[in-house]
Amino acid sequence: MLMLRSIFTYAALLLIIIIAGCSSGRKVFVEHDYSYETNFKDYSSYTFLECERDTNNLCTEIYEAIRRQMQVRGYKLTAEKPTLLVNYGIFYDNLRYQGYMQPVIKNWVDTENDGFRYEPIKYALDKGTLIVSLIDAESDQVVWRGYASGIFKGVENSNNHYRSVVRRIFDQYPLFAKGYDPRRYSEAVGR
């Protein structure tokens with residue numbers, strides 16, 4: 001009987017640890033929207049617009065994280081005739097946001113199916129929202145927007161918290177720059 005009680009206690013403790021681990025991974029909500037009128041295969045370079053708010057060098061940290069994500073995808077940072085403009089803002093209060101239910105962007109880019117429709121969805125985003133926008137430099141139209149809310153949760157637990165948040169946002173943008181082959185890049189790095 002004592003052994004059965006020990007096993008039950010151990011199983012309950014294990015279940016609590018698993019549930020706690022799962023819930024801590026859900027602290028930051030991440031989503032994205034994009035324009036169906038965009039040929040994402042034409043973009044190869046970018047430049048930054050200024051951060052909308054800077055508090056405690058947070059914009060600098062996020063700038064560097066975005067720059068790394070764009071570099072990994074083969075985009076060149078340039079001030080002369082970029083094809084994309086990168087804008088980002090940090091919102092400190094709760095935010096109501098109009099997003100869209102859409103197919104995964106990679107599926108849409110591969111098929112370019114004109115039959116897809118935008119399905120509006122309203123979000124109530126938690127305090128601490130980071131919004132990253134990719135803007136077509138020629139038309140000044142937002143072509144992709146990724147966002148994460150609750151970014152101030154768990155900051156004290158990680159030295160690379162904001163880098164991780166930006167990576168999670170860019171996980172929603174699995175596209176590469178025009179003419180960029182990530183396999184060639186990884187082969188060159190491996191040498």
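Reader: Why is D140 called exposed?

Author: D140 has a relative accessible area of 54%. Exposed means over 50%, buried under 20%, and partly exposed in between (1.4 Å probe, protein chains only). D140 is therefore exposed. This is a predicted model: local features need pLDDT of at least 70, side-chain atom pairs count only at pLDDT 80 or more, and totals for chains, interfaces and linings use all residues. Residues are numbered from 1 along each chain as its sequence is written, and side-chain values use heavy atoms, with hydrogens and water left out.

Reader: Where does D140 lie, and what is its phi?

Author: D140 sits in the loop between β7 and β8. Its phi is near 60°, a positive value in a residue other than glycine. Helices (H or I, at least four residues) and strands (E, at least two) are DSSP runs, numbered from the N terminus.

Reader: What makes K81 count as exposed?

Author: Its relative accessibility is 77%. The cut-off is over 50%, so K81 counts as exposed. K81 is placed in the loop between β3 and β4. Phi of K81 is positive too, near 50°, and K81 is not a glycine.

Reader: What makes a set of residues a nonpolar core?

Author: Its members are buried Ala, Val, Leu, Ile, Met, Phe, Trp, Tyr and Cys residues, joined through side-chain atoms within 4.5 Å. The largest such core here has 39 residues. F40, I66 and L130 have the most contacts inside it. Among the elements that each supply at least two residues are β1 (29–34), α2 (58–72), β7 (129–136) and α4 (161–170). The largest share, six residues, comes from α2.

Reader: Which residues are in contact with L130?

Author: Contact means heavy atoms within 4.5 Å. Leaving aside neighbours within four places in sequence, the partners of L130 include I62, Y88, I90, A148, V165 and I169. A second, separate core of five residues includes Y123, L125, I131 and Y147.

Reader: Which residues of α4 are buried, and what covers them?

Author: H161, Y162, V165, V166, I169 and F170 are the buried residues of α4. Their cover includes β1, α2, β7 and β8.

Reader: How confident is the predictor in the protein chain?

Author: pLDDT is the predictor's confidence in each residue, from 0 to 100. The protein chain averages 81, and 77% of the residues score at least 70. Over residues 1–26 the pLDDT is below 50. Beyond near neighbours in sequence, that stretch has one contact in the model.

Reader: Why should predicted coordinates not be read in detail in some places?

Author: Because the pLDDT is low there.
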